[in-house]
Amino acid sequence: MKLFIVVALFVAAAMAAPANPDGEAQIVRFSNDNIGVNGYNFDFETSNGIRQSEVGEVKNLGLENESLGVRGQYSYVGDDGKLYEIVYVADEEGFKPVGAHIPQAN
């Protein structure tokens, strides 16, 4: 279940970011300071302006209701030249993104 959530987040982030028109983007900054049994964190930036940071923490470690809680953010420049920023939380209640361009339920 934990692995599924992490993979789903990476897929969602990759699909949300537009393709680099020149296909030549390079990673200009990458950090993954803490990857372990209790959680992880990473952040990166690419030469075409995509940025992402994320922290994952195991909740209720060793208990029956053990789960992975993730919070993070990513941003990119859209085809329209605007900067799109998304902040998200993913936990036992699902994936919850927030961004100025994302409609929110009332």
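Analyst: We can begin with contacts: two residues are in contact when heavy atoms of theirs lie within 4.5 Å. Keep in mind that this is a predicted model.

User: Which residues is D91 in contact with, leaving aside its neighbours within four places in sequence?

Analyst: D91 is in contact with K59, L68, G69 and K96. As for its own place, D91 belongs to strand 5, which covers residues 83-91.

User: What joins the side chains of D91 and K96?

Analyst: A polar contact of 2.8 Å joins them.

User: Is D91 buried or exposed?

Analyst: The general idea is a cut-off: a residue is buried when its relative accessible area is under 20%. D91 has 14%, so D91 is buried.

User: P97 is another residue I would like to read. Where is P97 found, and how accessible is it?

Analyst: Strand 6, residues 94-98, holds P97.

User: What does P97 touch, not counting residues up to four places away in sequence?

Analyst: P97 touches I86, V87, Y88, I102 and Q104.

User: Now the aromatic rings. How many aromatic pairs does a search of the whole structure find?

Analyst: The search finds five aromatic pairs. To read one, look at the distance between ring centres and the angle between the planes; planes under 30 degrees apart count as stacked. Y40 and F42 form a stacked pair, with 6.2 Å centre to centre and 10° between the planes. Y40 counts as buried because its relative accessibility is 13%, and F42 counts as buried because its value is 9%.

User: Why is the pair of Y74 and Y88 tilted?

Analyst: Their ring planes stand at 50°, with the centres 6.0 Å apart, so the pair is tilted. Y74 lies in strand 4 (residues 67-77) and Y88 in strand 5, so this pair ties together parts that are 14 residues apart in sequence. Both Y74 and Y88 are buried.

User: Which residues form one aromatic cluster?

Analyst: Y40, F42 and F44 form one aromatic cluster. Y40 and F42 are the stacked pair described above.

Definitions and conventions: Residues are numbered from 1 along each chain as its sequence is written. This is a predicted model: local features need pLDDT of at least 70, side-chain atom pairs count only at pLDDT 80 or more; totals for chains, interfaces and linings use all residues. Side-chain values use heavy atoms; hydrogens and water are left out. Helices (H or I, at least four residues) and strands (E, at least two) are DSSP runs, numbered from the N terminus. Buried means under 20% relative accessible area, exposed over 50%, partly exposed in between (1.4 Å probe, protein chains only). A polar contact is a pair of N or O atoms within 3.5 Å; within protein, one must be able to donate a hydrogen and the other to accept it, and residues adjacent in sequence count only if both atoms are side-chain atoms. Rings of Phe, Tyr and Trp (its six-membered ring) pair if their centres lie within 6.5 Å; planes under 30 degrees apart count as stacked, over 60 as edge-to-face and the rest as tilted.
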